[in-house]
Amino acid sequence: MPLPEGHFYHFQLLGLQVYESGICLGEIVEIIESAAHDVYGVQRPDGRRFLLPALKSIVLKVDLDKGRMEVKVPAGLLEAT
């Protein structure tokens with residue numbers, strides 16, 4: 001069943017490469033559902049993981065054809081992992 005524009009099924013997002021400013025931050029390996037919004041578990045190339053809130057202010061673009069998601073990571077989030 002089609003979803004409204006800007007919405008995606010979880011299976012479509014799992015495996016997407018996450019990029020910020022042209023740099024690959026990792027791959028979406030899990031999606032955690034919460035009452036407020038989903039949270040993406042991103043596996044970094046060095047094996048560490050970080051959690052990325054699925055908010056419009058953070059997720060800038062999803063391109064399923066290219067298998068990538070463009071994001072703006074909140075300040076300090078990557079340093080905490």
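## Close-up views of the rings, the sheet and the chain

**View 1. F11 is an exposed residue, its relative accessible area being 63%.** The bands used here are buried for under 20% relative accessible area, exposed for over 50% and partly exposed in between, with a 1.4 Å probe and protein chains only. Y9 is partly exposed, because its relative accessibility is 31%. What you see is a predicted model in which local features need pLDDT of at least 70 and side-chain atom pairs count only at pLDDT 80 or more, while totals for chains, interfaces and linings use all residues. Residues are numbered from 1 along each chain as its sequence is written, and side-chain values use heavy atoms, with hydrogens and water left out.

**View 2. One aromatic pair turns up in a search of the whole structure.** Its partners are Y9 and F11, whose ring centres lie 5.8 Å apart with the planes at 20°, so the pair is stacked. Rings of Phe, Tyr and Trp (its six-membered ring) pair if their centres lie within 6.5 Å; planes under 30 degrees apart are stacked, those over 60 edge-to-face and the rest tilted.

**View 3. R68 places its charged end over the ring of Y19.** The distance to the ring centre is 3.6 Å. For a charge to sit over a ring, NZ of Lys or CZ of Arg must be within 6 Å of the ring centre and within 35 degrees of the ring normal.

**View 4. An open sheet of six strands has the order 4-3-2-1-6-5, with mixed pairing.** Strand 4 (49–53) and strand 5 (59–63) are the edge strands, each pairing on one side only. From one strand to the next, the twist averages 35° (axes are lines fitted to C-alpha atoms, for helices over the stretch in contact, and angles run from 0 to 180 degrees between N-to-C directions). Strands pair if DSSP finds at least two bridges between them.

**View 5. Strand 2 (residues 23–32) and strand 3 (residues 39–43) run antiparallel, joined by five bridges.** Look for E27, which stands opposite Q43 in strand 3.

**View 6. Stepping back, the chain holds one helix and six strands.** Their order from the N terminus is α-β-β-β-β-β-β. Both kinds of element are DSSP runs numbered from the N terminus: helices are H or I with at least four residues, strands E with at least two. Of the 81 residues, 30% count as buried. Along the principal axes, the C-alpha atoms fill a box of roughly 40 × 30 × 20 Å.
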